[in-house]
Amino acid sequence: MLETTFRTTGIIFFLLWFTIFLSYGQEKKVAGAGYSVVEELDVKVEMRDGVRLSTNIYRPDAPGRFPVLLTRTPYGNGGKGNRFAHYFVNRGYAVVTQDTRGRYESEGVFDALQSEAPDGYDTQQWIGKQPWCNGKIGTYGGSYVGFTQWISSPLQSPYLIAMMPSITFTDFHDEVYQNGVFRLELWGLWSYEMTTPFNCVLDSIIKQPNDILMTLPLIDQDKKLGWKVPFLRDWLLHPEHDRYWDRTCIGDGYPRINASACNIGGWYDIFLKATIANYIKMTSPSILPEIRKKQKLLIGPWVHNLGKRKVGDLDFGESAELNEMVMMKQWFDNQLKGIDNGILDEPPVKIFVMGENRWRYENEWPLARTDYQKFYFHSGGNANTLSGNGSMDTIPSNDPKADRYIYDPENPVPTIGSMGPYDQRPVETRNDVLIYDTNPLLEDVEVTGPVNAVVYASSSAKNTDFTAKLVDVYPDGRAIRICEGIIRADHRNPSFPPSNIEPGKIYEYKIDLWATSNVFKKGHKIRVEISSSNFPRFDRNLNTGNYFATDTTLVKAEQIIYHNAEYPSAIVLPIIRK
């Protein structure tokens, strides 16, 4: 499983820059698409510190000035005959693609994400002064390439007019650490790939990624790997949001952004929470009204690869497919060419409602009509596994018995599949997974919005983790993951510095499961899984209370989940009424 996960992650990240090319040719030819292309490859653009970045320029072979589409990527800036670039040059744009610092033909040292703000701004300033630029720049791309758009935007290049960031983020610390927990699978594997020595085939070296991801101490992953991964060590040495992360975080800089943004995300994407947060921040009262009205959010049923109808174990139908080329052209035609094509007349939020498998427009996020309902956990003291007696409903808890399980970091609950909708039954037979089900639903129930669990728990450990997972249970028994979250006990109170817990004491844990839009159909059940691990998606808590990156001691922990009148553990679901 881990080997498959590793290869999937590698394909997603290493080739993400090329995913948008896949839809090239899906759009029928547009009338007036007639410009031929001039290519200027590997132009060295100098940054403020003298480092030169390899930049490819594709522009119409015609006199005049044109709007420019810019992307800055660590995955390779394309080359001769770049199909995506030619598509847009044919239609009256110039396209600039650039290798980020230290990558491919660009000079400098690659220190992941650290130099993208000034380098992005310097590049925009350089483009704006070129004789083929009409003074308007639009940026595009996903993941890291989306980050390069956002992080430079508060610097206010006058040439930056519009952005189209997808499946991306703006606060890197909060993507590396989720409620105090290191996202091991994501950033471990990505950092290995981005530092792989020349002529080294990673798959031939890492036959079993588990060997690396299980390394203790965590900070010595590169020793096990066989080459240095300096920025991975930096991340592990800075678990809190200290000044190390300043250059990779917009922070309070959103009011300084003067560009429109069309945000694209997926319900199962690794950066879903950040995609939504960016839209919310850019539509807050602190944003100028003329900028606020030009923000959009589109979320489909996808993982970190947009536009597919088949995701994980589900097929969401033909309507789930997205042609990014068509959408990009519509967005940039409006924002950079002033073409009134109606895109700004549409409601700003467009979401794919899973279960019903249809798109729907909304006026805001979260939806103003949301009815937040608590579904309380119940049991007779044995909610362990599918065979347990756990249940869930809207009646407040008052159960005399709590649920118990042993969390053993030597045998963590495994991650099932990637971030998509996968059947979770393989882990639901484990005694360290608690199951709380509703009765089969008598009618459809739509859950659209942020999802949170409030869990009251004690532990025999000084520090530990708690996980929560929302699952859609089909009449045939399939248990399809909808969304999930985790919290490290020492991060239970975000308003205070991390602190260990007192063994045996009951604490409240608020677990953020991010968000979803799913209709639990009549006859289905709504399920919540509670446990203490999800490996290798997240690093294992060793339960000692010691510094996690250098610790090598593993301790078992007895976990107790309470659901009574004083400690009413529950999940809070955003219900949308018809």
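Tutor: Let us start with Ile 167, which lies in the loop between β6 and α6 (173–176). Please note that this is a predicted model.

Student: Is Ile 167 buried or exposed?

Tutor: The loop between β6 and α6 holds this residue. The cut-off for a buried residue is a relative accessible area under 20%. Ile 167 has a relative accessibility of 3%, so Ile 167 counts as buried.

Student: What is the phi of Ile 167?

Tutor: Ile 167 is a residue other than glycine, and its phi is positive. The value is near 35 degrees.

Student: Where is Trp 514, and is it buried or exposed?

Tutor: Trp 514 also has a positive phi, near 70 degrees, in a residue other than glycine. Its place is in strand β22. With a relative accessible area of 12%, which is under the 20% cut-off, Trp 514 is therefore buried.

Student: Which are the edge strands of the open sheet?

Tutor: Ten strands form this sheet with mixed pairing, in the order β1-β2-β4-β3-β5-β6-β9-β10-β13-β14. An edge strand pairs on one side only. The edge strands are β1 (37–46) and β14 (358–362).

Student: Which residue in β14 is the bridge partner of Val 353?

Tutor: Strand β13 (residues 349–353) is joined to β14 by five bridges, and the two run antiparallel. Within β14, the bridge partner of Val 353 is Arg 358.

Student: What is the omega of the peptide bond from Trp 365 to Pro 366?

Tutor: Pro 366 is in the loop between β14 and β15 (371–378). The peptide bond from Trp 365 to Pro 366 is cis. Its omega is near -10 degrees.

Student: Which side chain does a polar contact join to that of Asn 77?

Tutor: Asn 77 is found in the loop between β3 (66–73) and α3 (83–90), and Asn 77 is buried, with a relative accessible area of 4%. At 3.2 Å, the polar contact joins the side chain of Asn 77 to that of Asn 56.

How values were computed:
Residues are numbered from 1 along each chain as its sequence is written. This is a predicted model: local features need pLDDT of at least 70, side-chain atom pairs count only at pLDDT 80 or more; totals for chains, interfaces and linings use all residues. Side-chain values use heavy atoms; hydrogens and water are left out. Helices (H or I, at least four residues) and strands (E, at least two) are DSSP runs, numbered from the N terminus. Buried means under 20% relative accessible area, exposed over 50%, partly exposed in between (1.4 Å probe, protein chains only). A polar contact is a pair of N or O atoms within 3.5 Å; within protein, one must be able to donate a hydrogen and the other to accept it, and residues adjacent in sequence count only if both atoms are side-chain atoms. Two strands pair if DSSP finds at least two bridges between them.
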